[in-house]
Number of protein chains: 2
Amino acid sequence: MLKVLKFGGTSVGTLERIQNVAEIIKKIRDEGHDIIAVVSAMSGETNKLIEYAEYYSKTPKADEVDMLLSSGERVTSALLSIALNEQGYKTTSMSGREAGIVTDNAHMKARIESIDTANMKKAIDDGKIIIVAGFQGVTMDTNRVSTLGRGGSDLTAVAIAGAIEADVCEIYTDVDGIYTTDPRIEPKAKKLTQISYDEMLELASAGAKVLQNRSVEMAKKLNVNLVSRSSFTPEVEGTLITKEENIMEKPVVSGIALDKNQVRVGMYGVTDRPGIASTIFTALADAKINVDMIVQTVGVDGKTDLDFTIPTTDWEICKEVMETFKGEVGNIDYNDKICKVSIVGVGMKSHTGVASKAFTALANENINIRIISTSEIKISVIIEEKYAELAVRVLHDAYNLDK
Amino acid sequence: MLKVLKFGGTSVGTLERIQNVAEIIKKIRDEGHDIIAVVSAMSGETNKLIEYAEYYSKTPKADEVDMLLSSGERVTSALLSIALNEQGYKTTSMSGREAGIVTDNAHMKARIESIDTANMKKAIDDGKIIIVAGFQGVTMDTNRVSTLGRGGSDLTAVAIAGAIEADVCEIYTDVDGIYTTDPRIEPKAKKLTQISYDEMLELASAGAKVLQNRSVEMAKKLNVNLVSRSSFTPEVEGTLITKEENIMEKPVVSGIALDKNQVRVGMYGVTDRPGIASTIFTALADAKINVDMIVQTVGVDGKTDLDFTIPTTDWEICKEVMETFKGEVGNIDYNDKICKVSIVGVGMKSHTGVASKAFTALANENINIRIISTSEIKISVIIEEKYAELAVRVLHDAYNLDK
């Protein structure tokens with residue numbers, strides 16, 4: 001098999017840990033697989049370099065920041081290559097450029113446009129283990145080094161796996177897979193063997209941050225089999241994230257996710273003229289605020305109430321936008337003592353009664369639901385924050401996720 | 001004017017010092033010059049990376065060491081570019097690859113084969129200050145990053161200055177120029193305004209280590225006007241190293257150099273057969289030992305004595321080579337309590353009596369000369385080490401170098 005393996009900053013955080021990664025790769029190599037390993041910078045390294053840049057400028061030139069930051073991954077790739085080579089394995093490091101990764105021209109947040117796999121294919125034909133410096137490519141127009149932004153090394157791995165048609169793309173972190181819910185909240189949480197891209201995306205957007213959505217979306221688009229597993233317990237099988245058709249047994253509910261970083265915005269007594277909701281939400285979208293759940297209640301006297309949630313990080317900007325609607329709104333309040341609990345599962349599509357089971361379970365504990373929203377494979381509820389962990393455990397139990 | 005400026009590891013050793021370098025560049029730019037600055041890694045950075053590599057291997061792969069080490073200069077070039085840009089100057093960093101530097105395939109000690117200046121010329125036409133990551137290029141055959149070995153950033157600067165026909169190449173270190181002798185030994189030493197390439201080469205090989213010989217040789221070959229000056233006192237004019245024809249006033253003696261890292265090897269009672277000296281010195285050359293000064297004294301009974309000097313660093317290897325001649329030699333002894341004092345000056349060519357003045361001056365202080373060797377522009381003497389500093393001061397005085 002051709003395997004793309006990705007090791008994040010924590011997995012390569014020290015010289016000892018890089019040695020540990022070399023051991024993992026050796027074992028897989030000894031099983032007869034071809035390997036392209038994608039590595040991040042040693043943890044702390046990127047932040048150190050950013051601090052260096054900020055010593056000179058609050059807004060350093062993006063192309064120079066890329067020149068600066070891309071060095072971190074180059075260091076890790078060379079070190080890992082040296083460590084494996086010392087043990088008798090044929091290896092080669094590759095910068096993003098050498099790996100053929102071409103991006104658009106948006107420095108610091110570049111998107112991969114294409115990957116020329118010729119250089120990698122040749123190295124594999126030569127029997128080499130390839131160690132690619134993640135997070136980087138070169139711009140299509142200026143041919144300068146670019147970086148892919150947050151989660152960039154995951155993207156590098158997935159994009160390479162897609163371009164070179166690897167059999168699997170294993171993402172190594174400090175967590176050994178995707179769980180039915182956060183084990184710190186519910187110790188009975190179980191690791192999932194498989195999960196579909198869409199479920200993973202819903203879980204991630206609902207607060208389960210093992211994998212970046214950008215990478216899962218790309219894996220889905222390129223039909224890459226992703227595996228989430230741990231470099232600290234490599235003997236443990238991880239969770240396969242794949243397309244729904246590949247999943248044999250489709251559970252009704254796969255997992256419960258919790259997101260505490262939500263603020264509920266209540267707009268009361270909004271003048272009920274045509275297009276008012278559209279105007280408000282367009283203004284929020286223009287300010288790049290991620291509005292999540294929306295409830296509109298038409299009241300009396302030609303007034304209406306609007307309730308919606310936003311991420312806590314967008315709270316300040318949201319307040320500024322809300323100021324512009326002061327004249328048309330009776331009252332605006334904010335509540336950050338809420339949380340969002342989400343139930344995710346592809347099986348919901350073909351099963352009824354999933355939602356009512358959740359409502360019953362929460363009602364039994366006297367937990368009030370403030371807002372509900374549903375998609376084909378997700379039910380989200382907004383509840384008081386103090387019930388967050390209790391709600392997760394109750395729902396985990398209601399769907400028998402510990403079985 | 002088009003100026004190439006080179007800043008070494010000490011000059012860019014901290015964030016504050018990089019800011020100081022930015023100030024130097026600003027000032028030169030404001031005078032209306034085009035600038036290509038070549039930078040080293042921040043001091044300590046390269047050694048740190050080498051230690052990292054040695055954690056995994058005593059003999060790390062050379063191409064991976066290059067991938068590793070080349071990151072240090074990239075960081076400095078990006079930071080300096082950011083610092084200058086923040087102050088309103090148009091800048092661009094360039095890796096060795098972007099600067100068009102192509103080397104042979106000898107990783108870790110690559111030689112520059114060619115420089116494609118198109119990218120640099122375009123940036124200068126665009127009004128940009130260029131900051132080149134020194135010490136690196138890409139190999140001609142495999143197109144991988146290579147490094148140039150010790151003094152590599154100086155070489156980068158000189159080679160670029162030659163290729164792009166810069167008016168001057170200024171090498172900034174922590175020393176503000178070339179002195180008539182080491183001011184720590186003779187406080188009356190004077191900074192030279194000008195010196196020829198050949199004098200500089202003789203001074204350097206005689207122990208005055210401000211500039212690497214490799215860079216001076218390249219400057220001579222490419223006819224690059226080199227200036228040695230300090231980034232800590234940039235207001236002080238440095239020393240111009242140029243071709244002899246450019247030097248107006250040719251002093252008889254330009255400087256006195258001292259080299260204490262010498263061992264005198266005495267081979268007594270060597271069987272005097274034809275070719276014996278050749279056999280011995282070929283064996284030493286094969287072991288890459290730099291034999292400096294040689295004296296042969298034909299003795300009685302078909303025996304001969306050989307005296308020569310080697311650098312202290314080659315002492316151990318020399319002993320091994322000498323072992324192989326045991327049968328043909330009566331006795332071998334080593335003396336490291338000696339030193340070499342050299343008198344350098346292009347004016348010697350046309351002046352007589354230079355050597356005799358030295359011999360008289362040393363004799364007046366009862367300093368015995370053990371070996372003498374001369375070139376067209378240099379007289380070197382081996383004396384007892386305890387007289388080293390005294391000899392330097394006496395000779396400095398004899399040639400009126402403080403005037």
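Predicted model: local features only at pLDDT ≥ 70, side-chain atom pairs only at ≥ 80, totals over all residues.
Q: Let's start inside: which residues have the most contacts in the largest nonpolar core?
A: That core has 43 residues, and those with the most contacts inside it are A:Val4, A:Ile36, A:Met120, A:Val132, A:Ile160, A:Cys169 and A:Leu226. Helix α5 of chain A, residues 152–163, gives the largest share of this core, with 6 residues.

Q: And what does A:Val132 touch?
A: Leaving aside residues up to four places away in sequence, A:Val132 touches A:Ile36, A:Ala37, A:Val38, A:Val39, A:Ser77, A:Met94, A:Ala99, A:Met120, A:Thr156 and A:Ile160.

Q: How many residues are in the other core, the one apart from it?
A: The other core has 42 residues, among them B:Val38, B:Ile112, B:Val132 and B:Leu192. As a general point, nonpolar side chains in soluble globular proteins tend to be buried together.

Q: Switching to the interface, how many residues of chain B are in contact with chain A?
A: There are 42 from chain B, in contact with 43 residues of chain A, and the area buried between the two chains is about 3,600 Å², of which carbon and sulfur atoms give 59%.

Q: What is the count of salt bridges there?
A: The count between chain B and chain A is 2; a salt bridge joins the side chains of B:Arg144 and A:Glu98, at 2.9 Å from N to O. Polar contacts across this interface come to 16 residue pairs, with both residues at pLDDT 80 or more.

Q: Which element gives the largest share of chain B's side?
A: That is α3(B), which contributes 16 residues to the side of chain B that touches chain A. By class, this side has 19 nonpolar, 13 polar and 10 charged residues.

Q: New topic: is B:Ser215 buried or exposed?
A: B:Ser215, which lies in helix α7 of chain B (residues 213–222), counts as buried because its relative accessible area is 2%, under the 20% cut-off. Not counting residues up to four places away in sequence, B:Ser215 touches B:Gly151, B:Asp154, B:Leu155 and B:Val158.

Q: Where is B:Gly100?
A: B:Gly100 sits in the loop between β3 and β4 (101–103) of chain B, and B:Gly100 also counts as buried, since its relative accessibility is 13%. Beyond residues up to four places away in sequence, B:Gly100 touches B:Ser114, B:Ile115 and B:Asp116.

Q: How many Å apart are B:Gly100 and B:Ile294?
A: They are 44 Å apart in space, C-alpha to C-alpha, and 194 residues apart in sequence.

Methods: Residues numbered from 1 in each chain as written. Chains lettered and ligands numbered in written order. Heavy atoms only, no water. Core = buried A, V, L, I, M, F, W, Y, C linked by side-chain atoms within 4.5 Å. Buried < 20%, exposed > 50% of the residue type's maximum accessible area, 1.4 Å probe, protein only. Helix = DSSP H or I, 4+ residues; strand = E, 2+ residues; numbered from the N terminus. Contact = heavy atoms within 4.5 Å. Buried area = accessible area lost by both parts, 1.4 Å probe. Salt bridge = Lys/Arg side-chain N within 4 Å of Asp/Glu carboxyl O. Polar contact = N/O pair within 3.5 Å; in protein donor to acceptor, adjacent residues only side chain to side chain. Nonpolar A, V, L, I, M, F, W, Y, C, P; charged D, E, K, R; others polar.
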